[in-house]
Amino acid sequence: MSDTILEMKGITKIFPGVRALNNVNLKIKEGEIHALVGENGAGKSTLMGVLSGVYPFGTYSGNSYFQGEKCKFKNIKQSEKLGIVIIHQELALIPYLSIAENIFLGNEKAKLGIINWNDSVKATKELLKNVGLKESTNTLITNLGIGKQQLVEIAKALSKEVKILILDEPTAALNESDSENLLKLLSELKKNGITSILISHKLNEVVKIADTITILRDGMTVKTLNSIDGFDENIIIKNMVGRDLKNRFPKRTSKIGKEFFEVKNWNVYHPLHKDRKIINNINLKIKEGEIVGIAGLMGAGRTEFAMSLFGKSYGKNISGEIMKNGKVIDVRDVPKAIKNGIAYVTEDRKNYGLILEDEIKRNISIAKMEKVSYGEIINDKKEIIEVERNKKKLNVKCSSILQKVMNLSGGNQQKIVLGKWVFTEPQILILDEPTRGIDVGSKYEIYTIINELANEGKGILLISSELPEILGMCDRIYVMSEGKITNELDIINATQEKIMKSMVLSGQEVI
């Protein structure tokens with residue numbers, strides 16, 4: 001490995017009332033893949049914000065040196081000019097512009113103010129070839145899956161002659177296949193001399209791909225590990241959370257009762273393309289106190305199925321029956337679904353699960369305001385008592401229930417989303433990727449809450465792209481492919497190989 005390309009010394013960043021970074025030191029070698037790991041709120045994204053100019057020079061203390069030169073970036077444009085490019089977890093692509101337009105947006109191939117589209121298209125084709133994306137340069141971003149959009153972002157970075165590529169949770173929303181392809185691409189970029197800084201909560205990926213791992217905790221550098229000495233996930237976790245976490249999944253003695261919830265012959269068509277069937281004749285049963293998993297690749301229809309159950313909030317021409325305790329229930333809209341004891345925790349907490357600029361109190365109580373009001377008048381005292389009880393039950397770490405949700409860590413935001421629906425006192429709780437984008441410590445707390453809810457007799461439908469999570473949490477597993485259930489497995493007989501086989505069978509039922 002060659003010389004140091006980047007060094008950050010004594011970086012301290014203070015927000016009002018919060019010391020986000022405290023004397024952090026980081027050294028990156030040229031051409032390596034360097035992973036940054038730590039719990040939500042550890043300071044990883046803030047540190048990369050300092051490096052890339054998101055937080056301008058002078059708003060923090062300490063110094064960064066790129067190729068031996070002191071960095072004084074006032075904005076992202078200045079860092080990109082030197083070849084430091086950051087790809088955020090929330091992709092910054094324009095949905096209704098083409099791939100070519102997105103790649104050169106703000107960096108147009110132009111002369112005298114006139115864009116040369118021939119040069120743009122030619123360069124885009126070469127960039128797409130480099131990242132292994134076989135799409136027309138005219139394809140609109142909205143027509144690409146999230147995995148391909150990630151590749152467009154990397155192609156965009158390569159167009160800026162990137163030297164250090166920063167990726168913030170690049171595989172958080174990807175299935176295993178797309179994640180594997182992205183990791184392979186990082187290895188190829190490494191061969192071409194490009195340095196990568198990878199922020200990720202997926203330790204199995206980090207251990208597999210990284211040359212060096214730096215662990216942050218509470219805004220401080222805790223430890224740096226090298227692949228030459230070997231990586232141990234348990235040591236990484238201990239340094240991340242400051243304690244031993246011997247089991248990734250909390251132990252639970254299942255208390256499964258009678259069968260009480262059933263979906264029969266459920267069919268759903270696309271909301272715009274009415275001849276396209278998305279969900280094809282699904283049958284599913286859940287017992288009291290049972291955690292039932294749904295596994296499937298991206299595009300299998302898991303989220304669409306879940307949303308269609310929750311007040312038919314996805315799809316058209318929906319047919320079939322939902323039964324509770326042997327009787328058909330009315331779920332024609334969300335209020336009726338809630339009234340019948342169904343709750344849905346969305347996979348996209350920031351866009352659909354939370355009002356980020358509002359306080360914790362209102363985010364939790366909003367799903368069932370009648371619980372804390374008389375007619376149209378909210379009983380403030382009752383609302384505070386109920387929300388405080390909910391916050392304590394979920395162990396939300398915050399200054400008060402009046403704190404804005406946007407200022408919480410990802411793990412605590414996820415607890416608020418979960419708390420909102422627990423507040424409705426559901427009997428069936430549909431959890432769609434409940435631990436996406438949160439660290440191992442916060443995941444453990446979410447798992448503990450899920451187990452407690454199951455032990456209260458609630459039926460849990462758990463959707464997850466992480467097979468270890470499905471296997472570690474569920475009593476029974478349904479596998480989906482192309483809108484169909486292709487297999488049903490008891491946890492005793494379930495393996496990753498069996499699940500994966502059922503996931504890739506193109507809707508053919510396993511015999």
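At what angle do the axes of helix 13 and helix 14 cross? They cross at roughly 125° and come within 10 Å. The model is predicted.

**Helix 13 and helix 14**

- Helix 13 spans residues 380-394.
- Angles of 65 to 115 degrees count as roughly perpendicular, and those over 145 as roughly antiparallel. Helix 13 and helix 14, at roughly 125°, are therefore oblique to each other.
- The crossing of helix 13 with helix 14 is right-handed.
- Helix 13 contributes Asn390, Lys393 and Leu394 to the contact. Helix 14 contributes Lys415, Leu418, Gly419 and Val422.
- By class, the residues of this contact are 3 nonpolar, 2 polar and 2 charged.

**Helix 14 and helix 15**

- Helix 15 covers residues 440-455. Its axis comes within 10 Å of the axis of helix 14, and the two cross at roughly 15°.
- Angles under 35 degrees count as roughly parallel, so helix 14 and helix 15 are roughly parallel to each other.
- Helix 14 passes helix 15 in a right-handed crossing.
- On the helix 14 side, the contact is made by Gly411, Gln414, Lys415, Leu418 and Val422. On the helix 15 side, Ser442, Glu445, Ile446, Ile449 and Leu453 take part.
- This contact holds 5 nonpolar, 3 polar and 2 charged residues.

- Strand 23 (residues 476-481) pairs with strand 24 in the antiparallel sense, over 6 bridges.
- Two of the facing positions can be named. Ile477 has Leu489 of strand 24 as its bridge partner. Arg476 stands opposite Asp490, again in strand 24.
- The hairpin of strand 23 and strand 24 has 2 residues between the strands. In this hairpin, Glu482 takes a positive phi near 50°.

- Strand 1 (residues 4-15) and strand 4 (residues 61-66) run antiparallel and are joined by 5 bridges.
- Thr12 stands opposite Ser61 of strand 4.

**An aromatic pair**

- The whole structure has 5 aromatic pairs. One of them joins Phe15 and Tyr55, with ring centres 5.5 Å apart.
- The planes of these two rings stand at 70°, so the pair is edge-to-face.
- Phe15 lies in strand 1, and Tyr55 lies in the loop between helix 1 and strand 4. The pair therefore ties together parts that are 40 residues apart in sequence.

**Helix 4 and helix 5**

- Helix 4 (residues 117-131) packs with helix 5 (residues 146-158) at an angle of about 120°. The axes are 9 Å apart.
- That angle makes helix 4 oblique to helix 5.
- The crossing of helix 4 and helix 5 is right-handed.
- Leu127, Leu128, Asn130 and Val131 of helix 4 meet Leu151, Ile154, Ala155 and Leu158 of helix 5.
- The contact of helix 4 with helix 5 has 7 nonpolar residues, 1 polar and no charged.

Terms used
Residues numbered from 1 in each chain as written. Predicted model: local features only at pLDDT ≥ 70, side-chain atom pairs only at ≥ 80, totals over all residues. Heavy atoms only, no water. Pairing = 2+ DSSP bridges. Helix = DSSP H or I, 4+ residues; strand = E, 2+ residues; numbered from the N terminus. Axes fitted to C-alpha atoms, helices over the stretch in contact; angles between N-to-C directions. Left-handed = near helix turned anticlockwise from the far one by under 90°. Contact = heavy atoms within 4.5 Å. Nonpolar A, V, L, I, M, F, W, Y, C, P; charged D, E, K, R; others polar. Phe/Tyr/Trp six-rings, centres within 6.5 Å; stacked < 30°, edge-to-face > 60°.
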